[in-house]
Amino acid sequence: MLDFITLGIESSCDETGVGLYHSELGLIGHQLFSSVEIHSEYGGVVPELASRDHIQRVLPLIKTVLTNAKLTLQDLSGIAYTAGPGLAGALLVGSALAKSLAWSLGVPSLAVHHMEGHLLAPLLEESQPKFPFVALLVSGGHTMLIDVKAIGQYKILGKSLDDAVGEAFDKTAKILGLGYPGGPALEKLAKQGDTNTFKFPLPMVDRPGLDFSFSGLKTFARNTFTKHPNKKSDIAKSFEVATTQILMIKCRRALEKTGRITLVVAGGVSANLSLRNELNKMGRKVGVNIFYPRQEFCTDNGAMIALAGHFRLSHGEYDTNYEINIKPRWSLEELTQIK
Ligand code: KG4
Ligand code: ZN
């Protein structure tokens with residue numbers, strides 16, 4: 001079989017990412033530009049600014065990734081792009097470029113689900129999870145537990161009924177005056193904090209089921225910070241402890257319910273080392289193997305889109321027309337198993 005080279009383009013939020021996946025060699029390059037500095041001034045992502053920045057960044061990133069891999073556009077076999085979920089204007093930049101490039105090169109294009117990219121990111125590593133497994137996806141927009149039978153066979157076991165866990169990190173960090181994005185800043189501050197000064201509530205862990213609720217944690221953080229303004233690091237630590245406890249308890253429950261012995265944890269919050277430690281402890285106790293993406297592929301990137309696109313394109317899946325089509329809202333359960 002001829003080598004199949006997939007270009008992946010990610011532009012769903014505030015990171016422009018591109019990746020190159022080779023059928024024989026695996027990932028052969030990736031580039032990322034984060035517009036986070038532009039948004040930090042506003043305390044969150046400004047969609048119009050994100051779209052404009054993607055327009056400026058994406059072509060130079062593609063040129064760089066191809067040059068570094070000693071390839072040209074003509075070497076590409078297919079182009080995968082994030083079609084959703086995400087910010088409409090931002091998604092339009094990646095999809096319009098992917099479709100135009102694919103049309104001009106005479107190669108197929110493929111709409112990729114952003115969360116399938118996150119979910120499959122651990123498959124970019126040497127030690128890979130085997131199907132079936134339970135996946136915990138924790139990002140700025142989603143918190144989900146999924147039963148994964150195969151690529152494309154996804155059953156959502158539970159999800160957040162309000163804020164996503166990354167959003168809870170960002171909002172709590174904002175309350176503590178840590179700027180945007182809050183997750184990494186809060187993790188850093190929590191390292192100096194004491195675990196036992198404050199006890200955050202653990203919403204929904206006493207109830208059966210696998211859904212989550214995180215909005216109460218930021219309210220608790222706000223009230224505590226108002227009363228104890230000089231206890232920032234202790235509040236950060238207790239918040240982190242509470243979120244990791246909630247996620248650990250629900251993962252354990254999902255594993256028991258499904259009988260799976262493998263857990264995949266991905267999405268921006270999976271970069272958090274306290275979360276990894278807590279989950280690894282649980283994994284050792286119950287005999288479950290846990291797989292994460294490497295740190296840089298936890299948050300948004302083009303490599304995971306190239307990989308997810310590669311699996312589908314190389315199995316003969318592709319967009320059936322060149323219409324520019326995005327899906328800002330798109331459930332993982334709508335995806336189909338690869339043939
Ligand atoms: O997956 P991602 O890059 O984008 C979305 O698809 O949403 O996730 C971004 C989220 C943000 O909420 C960010 O604060 C959080 O992941 N995050 C973290 C850490 N690194 C990123 N949260 C906790 N600890 C971290 N180290
Ligand atoms: Zn993401």
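Start by selecting G183 and ligand 1: a backbone N or O atom of G183 lies 3.0 Å from an oxygen atom of ligand 1. Pairs of N or O atoms like this count as polar contacts when they are within 3.5 Å; within protein, one atom must be able to donate a hydrogen and the other to accept it, and residues adjacent in sequence count only if both atoms are side-chain atoms. The protein covers 89% of the 550 Å² of accessible area that ligand 1 has on its own (Shrake-Rupley method, 1.4 Å probe; for residues, only the protein chains shown count as cover).

A word on what you have open: this is a predicted model, in which local features need pLDDT of at least 70 and side-chain atom pairs count only at pLDDT 80 or more, while totals for chains, interfaces and linings use all residues. Residues are numbered from 1 along each chain as its sequence is written, chains are lettered from A and ligands numbered from 1 in the order written, and side-chain values use heavy atoms, with hydrogens and water left out.

Stay with ligand 1 and show its surroundings. Here you find 18 residues, with G140, D170, G183, E187 and D300 the closest (a residue is near if one of its heavy atoms lies within 4 Å). Next pick N272, whose side chain has a polar atom 3.1 Å from a nitrogen atom of ligand 1. Then pick H114: an N or O atom in its side chain is 3.1 Å from an oxygen atom of ligand 1.

H114 leads on to the metal. Which residues coordinate the zinc ion (ligand 2)? Select H114 (NE2), H118 (NE2) and D300 (OD), at 2.0 to 2.1 Å. Donors are N, O and S atoms within 2.8 Å of the metal (3.2 Å for Na, K and Ca); water is not among the atoms, so sites may look incomplete. Helices (H or I, at least four residues) and strands (E, at least two) are DSSP runs, numbered from the N terminus. Both H118 and D300 are buried (under 20% relative accessible area; exposed is over 50%, partly exposed in between; 1.4 Å probe, protein chains only).

For a last stop, move to Q337, in the segment after α10. Q337 counts as partly exposed because its relative accessibility is 37%. Its side chain makes a polar contact with the side chain of Q153 (2.6 Å).
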